[in-house]
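Hi,

Here is the model I promised to pass on.

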Amino acid sequence: DLVQAKGPVGVMMVDKVNGCIIATVRDIIQIYNEQLHLLQCNRGHDDIIKSIIHIPELNQYITASYDKTIKIWKSMYHRSSQALENQEVDDEKEDTKEEKREDKTAHDQNESKDSTACVEE
């Protein structure tokens, strides 16, 4: 299976304690379950994350970024299968909304050469 990250993956690790795969894309931490479904995104750095470690005893991830900061994040816990199914449905709905916003933005840009649309990632 493949995961389609929205940008280049900088750092990747496996959290064996919580059963998660952690990848950084620019300044975002993306946490996936064993089925490679996105569970959580953490934002907080202002530049690319260059390293990440897991401290299982404290149930934390620590990241270092080119923004010259180190941040501490709480680890993801295993979710029940029902919670994962609910998350997948929510993710699919959010993806559909995002696709509609992107389509509208592309349409609006084609309609007006003077307006510039910004899409937040």
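**The nonpolar core**

The largest nonpolar core has 11 residues: Val11, Met13, Cys20, Ile22, Ile29, Ile31, Leu39, Ile49, Ile52, Tyr61 and Trp73. By nonpolar core I mean a set of buried Ala, Val, Leu, Ile, Met, Phe, Trp, Tyr and Cys residues joined through side-chain atoms within 4.5 Å. At least two residues of this core come from each of β1, β2 (20–25), β3 and β5. Buried stands for under 20% relative accessible area, exposed for over 50%, and partly exposed for what is in between (1.4 Å probe, protein chains only).

Before going further, a word on the source: this is a predicted model, where local features need pLDDT of at least 70 and side-chain atom pairs count only at pLDDT 80 or more, while totals for chains, interfaces and linings use all residues. Residues are numbered from 1 along each chain as its sequence is written, and side-chain values use heavy atoms, with hydrogens and water left out.

Methionine 13 sits in strand β1 and is buried at 14% relative accessible area. Leaving out residues up to four places away in sequence, methionine 13 touches Cys20, Ile21, Ile22, Ile52, Ile53, His54 and Tyr61 (contact means heavy atoms within 4.5 Å). Its C-alpha atom is 6.6 Å from that of alanine 23, 10 residues apart along the chain.

**The overall layout**

The chain has 1 helix and 7 strands, running β-β-β-β-β-β-β-α from the N terminus. Helices (H or I, at least four residues) and strands (E, at least two) are DSSP runs, numbered from the N terminus. Of the 121 residues, 29% are buried. The chain exposes about 8,600 Å², and carbon and sulfur atoms supply 50% of that (Shrake-Rupley method with a 1.4 Å probe; for residues, only the protein chains shown count as cover).

Four strands form an open sheet in the order β1-β2-β3-β4, with antiparallel pairing. β1 (9–15) and β4 (38–43) are the edge strands, each pairing on one side only. Strands count as paired if DSSP finds at least two bridges between them.

What does the side chain of serine 65 reach at 3.0 Å? The backbone oxygen of isoleucine 48. Serine 65 belongs to strand β6 (residues 60–65) and counts as buried because its relative accessibility is 3%. Neighbours within four places in sequence aside, serine 65 is in contact with His45, Asp47, Ile48, Ile49 and Lys50.

Finally, there are two positive phi values to check. Asparagine 59 is not a glycine, yet its phi is near 55 degrees; asparagine 59 lies in the loop between β5 (49–55) and β6, and is buried at 13% relative accessible area. Lysine 68, not a glycine either, has a phi of about 70 degrees and lies in the loop between β6 and β7 (70–74). Lysine 68 counts as exposed, since its relative accessibility is 79%.

Cheers

Methods: A polar contact is a pair of N or O atoms within 3.5 Å; within protein, one must be able to donate a hydrogen and the other to accept it, and residues adjacent in sequence count only if both atoms are side-chain atoms.
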